[in-house]
Amino acid sequence: MTKTSSVRATRGAGIFSGFLAGGSGVLVGEGLARLLDVTGPVVAVGNRAVDLTPRPVKEWAIETFGSADKLILVGGVLVTVLLAICALGWIGAQNRRVALLGMTILVGLASAAMLVDPAQGAATVAVLLPVAGMVLVAVGGLAWLLFLLAPRATSESEGGLDRRLFLLAASSIAALGAAGGATRGVAGGATSPATVSLPLPADPAASVPAGVSFKIPGLTPHITSNPDFYRVDTALQVPRVTLDDYVLRITGMVDRPLELTYRDLLDRDLVERRVTLTCVSNEVGGDLLGNATWLGVHTRDLLAEAGVQDGADAVRSRSVDGFTAGTPLDVLTDDRDALIVVGMNGEPLPPEHGFPVRMVTPGLYGYVSATKWLTELEVTRFADFSAYWTERGYAEQAPIKLSSRIDVPGSFARLEPGTVTVAGVAWAQTVGIERVQVRAGDDGWQDAELGVEDSDQTWRAWRWVWKAEPGMHRLEVRATDRAGRVQTSRRERIAPDGSTGWHNVTVTVA
């Protein structure tokens with residue numbers, strides 16, 4: 001073997017060593033984290049990346065990727081780590097000390113991210129074991145493999161490397177990584193919603209009115225199914241909750257702090273309501289909203305039982321993953337049916353939508369009102385705290401804005417001349433939709449036919465029959481609420497308190 005080919009082989013073995021040791025270290029850390037029910041290195045690093053990402057980048061990611069933004073982020077973290085550990089292996093074939101220092105720094109950053117992750121809570125001490133496992137396998141494994149490669153880097157003879165010993169070391173490290181990966185795939189002790197039986201509501205929702213929607217292909221259904229319901233939150237990994245350990249605490253400026261188990265909530269008089277939820281990240285015409293039937297306890301009843309003290313004006317809610325939201329106290333105690341929810345569309349909450357318990361508050365964007373995986377309601381004052389998104393420049397209070405959307409036809413659709421049905425939904429929560437108007441190009445506004453109203457807490461379907469003539473046309477929609485407010489045409493971005501503007505689609509009639 002020539003010196004050049006020997007060097008190439010050594011560098012290739014170095015890259016393999018970095019990949020194997022670093023990758024196995026991550027898998028061991030993930031596996032031990034799963035066993036101990038703490039946040040693993042990939043999600044912990046991803047969470048810190050989310051926290052440090054500038055707001056405009058986050059908004060772009062949600063707008064571009066929607067619910068897939070988390071998958072993209074985790075994928076980006078994994079690719080970055082892969083490139084880094086391979087590069088360290090390549091360096092290690094030439095300079096072992098630099099490579100080991102680099103791997104130590106890399107693992108140290110991941111360890112620090114795990115230790116400070118808000119979701120760890122009182123389990124911070126338990127994080128030390130996955131941290132130790134990751135360090136041992138990643139740094140120790142790389143040191144072992146590079147030590148075995150060292151003779152080859154300084155000798156031109158093929159006998160400089162004990163292949164059998166190198167393969168034994170690599171196999172041992174790979175086995176540890178495989179064990180960690182297998183453990184990572186174990187579900188662990190989290191309770192499955194499928195094992196929960198919900199009681200019947202003491203106050204069921206009224207039947208869906210006849211004529212609430214129209215039979216038009218492409219028109220949004222009145223009730224959004226659980227799998228189709230949008231998901232936007234800060235959790236890169238859906239929290240895994242064990243019902244035996246679950247407690248909802250009501251604390252802060254109250255006379256009688258409460259601790260409620262999941263069973264305590266189920267044993268109360270549950271109410272059922274249909275409510276449309278909207279994300280502040282929903283662009284004009286976007287699909288980050290959905291309508292569901294929710295089962296839960298009135299938030300006002302729990303707060304009344306705790307005894308809210310004078311001077312309080314807010315409730316800070318906390319999630320098991322460390323997320324916080326601030327909600328006006330008066331919104332949670334008025335007659336709008338704010339709920340602490342345990343069920344969605346006749347089933348226990350799906351894990352991705354907050355199992356076992358979440359908030360649903362009509363009329364406010366979710367980032368201030370719809371905390372998932374809820375663990376605490378702290379009665380307080382806005383002057384005394386800031387929540388996750390308000391710390392990042394979003395408004396402290398965020399009522400959902402009057403909006404409407406064209407569902408059909410879609411933008412850039414090609415239509416035949418003649419009668420065309422234009423349809424969509426509009427929403428003005430806690431007020432109700434009074435009127436929807438549509439226009440084609442410079443033609444005047446025309447009143448659309450409204451579906452029967454379900455309630456002022458849900459969206460409302462509409463349709464308009466258009467006599468389409470050949471050419472390219474711009475269709476626009478606007479809504480008017482029961483208070484007489486007309487939807488503004490002014491285009492505003494989602495930050496700091498929700499987008500505005502008329503939705504439009506461009507179609508070709510030929």
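Q: Where is the place of histidine 222?
A: In this predicted model, histidine 222 sits in the loop between α7 (163-184) and β1 (248-252), where helices (H or I, at least four residues) and strands (E, at least two) are DSSP runs numbered from the N terminus. Residues are numbered from 1 along each chain as its sequence is written, local features need pLDDT of at least 70, side-chain atom pairs count only at pLDDT 80 or more, and totals for chains, interfaces and linings use all residues. Side-chain values use heavy atoms, with hydrogens and water left out.

Q: Is histidine 222 buried or exposed, and why?
A: Histidine 222 counts as buried because its relative accessibility is 9% (buried is under 20% relative accessible area, exposed over 50%, partly exposed in between, with a 1.4 Å probe and protein chains only).

Q: Which residues does histidine 222 touch?
A: Leaving aside residues up to four places away in sequence, histidine 222 touches Val208, Val212, Arg274, Asn291, Asp454, Thr458 and Trp459, contact meaning heavy atoms within 4.5 Å.

Q: New topic: which residues touch the most other members in the largest nonpolar core?
A: That core has 48 residues, and those touching the most other members are Ile250, Tyr262, Trp294, Ile340, Val342 and Val357; a nonpolar core is a set of buried Ala, Val, Leu, Ile, Met, Phe, Trp, Tyr and Cys residues joined through side-chain atoms within 4.5 Å. Strand β7 (residues 339-344) gives the most to this core, with five residues.

Q: And what lies apart from it?
A: Another core, of 30 residues, lies apart from it, and Ile85, Ala113, Val137 and Ala169 are among them.
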